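Take a moment to look over the sequence and the model below. Keep both in view as you read.

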Amino acid sequence: MLRRAQSFRMEDHESPYPNRMMRRYSRVESSGDLLEYFDKGYTATRENRWTFEIAWEVANKVGGIYTVIRSKAYVSTEELGEQLCMIGPYKKQCAQNEVEEMEFPRGSPLLDAVNIMRSRGYIIHTGRWLVDGNPQLILFDIGSGAWKLDQFKGELWDKCHIGIPHLDIETNDAIILGYMVAEFLGEFHQCAKKNAEDNELKSPVVVAHFHEWQAGVGLIALRTRHVEVATVFTTHATLLGRYLCAGNTDFYNNLPTFKVDEEAGKRQIYHRYCLERAATNMSHTFTTVSEITGLEAEHLLMRKPDFITPNGLNVKKFSAIHEFQNLHAMAKDKIHEFVRGHFYGHMDFDLDKTLYFFIAGRYEFGNKGADIFIESLARLNAYLKHEKPDTTVVAFLIFPTKTNNFNVDSLRGHAVVKQLRDTITNVQHSIGKRMYDTCLSGRIPDGDELLTKEDLVKIKRCLFSMQRDTQPPVTTHNIVDDWNDPVLSAIRRCQLFNTVHDRVKMVFHPEFLTSTNPLFGLDYEEFVRGCHLGVFPSYYEPWGYTPAECTVMGIPSVTTNLSGFGCFMNEHIQDPKSYGIYIVDRRFIGLENSVQQLANFMFEFVKLNRRQRIIQRNRTERLSDLLDWRALGIYYRQARLKALQACYPDYIDEGSCFGSRSNLNFSRPFSAPSSPNSSRHTTPAPSVRGSDDEEDSVDEEHELHELGLKK
């Protein structure tokens with residue numbers, strides 16, 4: 001267990017090939033402090049320490065929290081092993097595809113507690129989640145506890161004076177789940193104590209981590225029932241904050257002045273707000289996902305977070321730096337195919353000089369920054385017409401909304417282009433066969449022999465079918481009530497109609513991308529890899545998974561200083577723009593200035609040449625270690641530790657002697673220069689083409705000079 005004490009850096013010791021050895025090793029995976037605690041639950045088992053993670057989105061895909069829980073499962077199980085169990089509601093539609101049902105092993109206190117709950121009439125599903133890490137699961141069938149809803153509501157009113165409207169089905173479900181979880185954890189603690197006595201183990205310590213207000217009801221029940229369980233509560237976005245921002249309120253400037261009870265009452269969410277606030281203030285440890293959300297929680301929930309727990313991703317490093325560049329090129333070719341079909345008859349632009357920008361997420365027009373994105377694109381359009389008329393930008397807006405069906409013109413375009421491609425392929429095959437036969441006879445064929453009149457007729461028919469008088473559509477679907485749709489209204493106001501004179505082309509795709517999509521034929525990850533720039537100028541974004549995903553894939557992105565991701569990057573990188581992270585100021589300057597800044601950022605990006613964009617993608621990919629759960633998971637560990645020490649004063653963490661997050665170094669595959677921040681290390685620098693020994697390194701000053709930036 002003295003891994004940290006015994007650890008050393010290979011470059012500190014004499015070796016004939018120190019750098020080469022380290023480079024080959026660190027290219028495989030990124031690393032961080034949490035790796036020091038990866039023992040498959042050995043330490044937790046010895047301490048008899050149990051961890052439960054409770055969320056509405058465990059094996060239940062609803063929103064972003066599902067991504068957090070799912071992506072973190074691997075590092076959690078590597079650290080805690082079988083001492084970790086995730087708890088959520090049983091939703092058959094998701095569970096039947098993601099959960100392998102099985103019973104806990106005999107003698108486990110988990111099985112004993114589950115059986116006690118089942119004997120009381122509750123239906124409980126146990127098993128493993130079929131994701132990386134394969135964590136243990138307990139899913140509660142909410143319907144089986146509905147008969148006790150009035151009893152649960154009565155207890156909540158008696159102890160907390162929080163009343164729940166009868167018709168609020170979502171909150172009723174949260175109440176049932178919360179009290180079932182609290183009852184289970186109470187029984188589990190008793191079973192674990194008995195198991196410890198029978199097997200002469202240490203007295204059990206239990207920590208329960210609750211995500212968001214729906215799961216927070218269980219925390220309230222545990223605390224009001226005085227169950228000896230340490231509790232952690234994480235809010236990923238405050239309930240009231242999301243409602244206030246959706247109402248076009250000047251949220252951040254007025255944050256200290258809001259009358260929170262009155263505002264929650266106006267929006268008919270006062271009971272939900274009370275649940276969230278109660279869970280926040282009753283927990284042993286309270287965390288949020290970013291500094292900006294922590295500021296929000298301090299004013300709206302009346303408690304400053306104990307820890308900031310940034311969201312991460314499972315970063316999978318490539319063995320060679322050029323691999324993700326190749327993936328970008330392959331995915332871009334697929335987007336080219338879509339563009340050829342969508343803009344058929346108006347392909348007056350060169351695809352080699354075309355850049356793909358995109359925005360994606362929940363359809364929250366103002367909160368996600370779609371309003372200033374479209375306005376900035378109109379200005380970018382004017383800049384390009386004047387200064388770079390040979391360059392085209394295709395801007396994709398991926399927001400799911402109600403539609404009737406695919407746009408007929410879009411489908412027709414793809415059919416026409418496919419027909420042309422098939423015809424050309426057949427003609428090519430015929431020409432090749434005729435050329436082969438003629439050459440076998442000992443002479444060189446002339447043009448008339450190769451391309452016959454019949455072939456020309458086929459090609460002309462395809463070309464004539466591609467003619468059209470209308471402009472290419474700005475949307476791929478028929479939107480329900482399109483006249484009132486905010487994206488389409490903004491496009492009309494800015495007059496971005498995909499005319500031959502426009503250098504910015506618009507494509508609004510109102511559904512999530514999947515590989516079965518008949519227009520794109522690629523999933524979201526492939527689409528992101530094929531684009532050149534992700535633009536996410538959000539006004540309200542507690543974290544921001546979309547720009548984080550772009551960064552991990554080596555795609556530059558635009559974010560804001562009101563998003564958790566933007567604040568995180570500002571804190572950890574001295575010059576984010578040189579690493580492909582453009583941060584728009586939406587907090588300290590006016591809206592007009594923010595729009596102008598975004599337009600300038602996009603224009604700066606467009607002016608980069610191909611080589612500069614490749615260099616920038618390499619630099620962006622180096623930041624992936626900053627977003628790896630292996631590094632960020634340590635914050636969750638610290639939050640659990642603080643809660644355990646608050647609930648069990650005698651508890652001593654056996655791993656605490658091995659150091660803390662404060663001395664974290666981000667070791668990197670040495671295919672990259674160090675991060676701009678001297679206290680951080682990131683990832684790789686590419687080898688010189690043809691070199692075998694990997695002794696080359698990247699000249700960071702030369703890179704910055706290539707990008708037109710000063711160090």
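The model is predicted: local features need pLDDT of at least 70, side-chain atom pairs count only at pLDDT 80 or more, and totals for chains, interfaces and linings use all residues. Residues are numbered from 1 along each chain as its sequence is written, and side-chain values use heavy atoms, with hydrogens and water left out.

## An enclosed helix

Two terms come first. Helices (H or I, at least four residues) and strands (E, at least two) are DSSP runs, numbered from the N terminus. Buried means under 20% relative accessible area, exposed means over 50%, and partly exposed lies in between (1.4 Å probe, protein chains only).

Now find helix H21, residues 545-552. Eight of its eight residues are buried, so H21 is largely enclosed by the rest of the structure. The buried residues include Tyr545, Pro547, Glu549 and Val552. Just after H21 comes Gly554, with a positive phi of about 80 degrees.

## Aromatic rings

A pair of aromatic rings is described by the distance of the centres and the angle of the planes. Here, rings of Phe, Tyr and Trp (its six-membered ring) pair if their centres lie within 6.5 Å; planes under 30 degrees apart count as stacked, over 60 as edge-to-face and the rest as tilted.

How many aromatic pairs does this rule give? The count comes to 31. One of them joins Phe396 and Phe527, edge-to-face, with centres 5.3 Å apart and 85 degrees between the planes. This pair links distant parts of the chain: Phe396 sits in strand E11 (residues 392-398) and Phe527 in helix H20 (residues 524-530), 131 residues apart. Phe396 and Phe527 are both buried.

Trp543 and Phe565 form another edge-to-face pair, at 6.2 Å centre to centre and 85 degrees between the planes. Trp543 lies in the loop between strand E15 (533-535) and H21, and Phe565 in helix H22 (residues 564-572), so the pair ties together parts that are 22 residues apart in sequence. Trp543 is buried at 4% relative accessible area. Phe565 is buried too, at 0%.

Rings also group. One aromatic cluster holds Phe338, Tyr356, Phe358, Phe396, Phe520, Tyr524, Phe527 and Phe536.

The rule is NZ of Lys or CZ of Arg within 6 Å of the ring centre and within 35 degrees of the ring normal. Lys72 lies over the face of Tyr636, 4.6 Å from the ring centre. Arg637 lies over the face of Tyr37, at 3.9 Å.

## Salt bridges

Side chains of opposite charge can pair when their charged atoms come close. A salt bridge is a side-chain nitrogen of Lys or Arg within 4 Å of a carboxyl oxygen of Asp or Glu. The whole structure has 40 salt bridges.

| Residue | Partner | Distance |
|---|---|---|
| Glu82 | Arg128 | 2.5 Å |
| Arg225 | Glu155 | 2.9 Å |
| Arg362 | Glu364 | 3.1 Å |

Salt bridges that share partners also join Glu79, Arg637, Arg640 and Asp653 into one network.

How exposed are the residues in the table? Glu82 is partly exposed at 41% relative accessibility, whereas Arg128 is buried at 17%. Arg225 is partly exposed at 28%, and Glu155 is buried at 15%. Arg362 is partly exposed, at 36%.

Lys505 lies in strand E14 (residues 504-509). Lys505 is buried yet has no salt bridge. Which side chain of opposite charge is nearest to Lys505? It is Asp348, 4.3 Å away.

The backbone oxygen of Asp502 lies 3.1 Å from a polar atom of the Lys505 side chain. Contact means heavy atoms within 4.5 Å. Not counting residues up to four places away in sequence, Lys505 touches Phe343, Phe349 and Asn498, among others.

His336 is found in helix H14 (residues 322-342). His336 is buried, at 7% relative accessible area. The side chain of His336 makes a polar contact with the side chain of Tyr356, at 2.7 Å. A polar contact is a pair of N or O atoms within 3.5 Å; within protein, one must be able to donate a hydrogen and the other to accept it, and residues adjacent in sequence count only if both atoms are side-chain atoms.

How values were computed
Lys, Arg positive; Asp, Glu negative; His and termini not counted.
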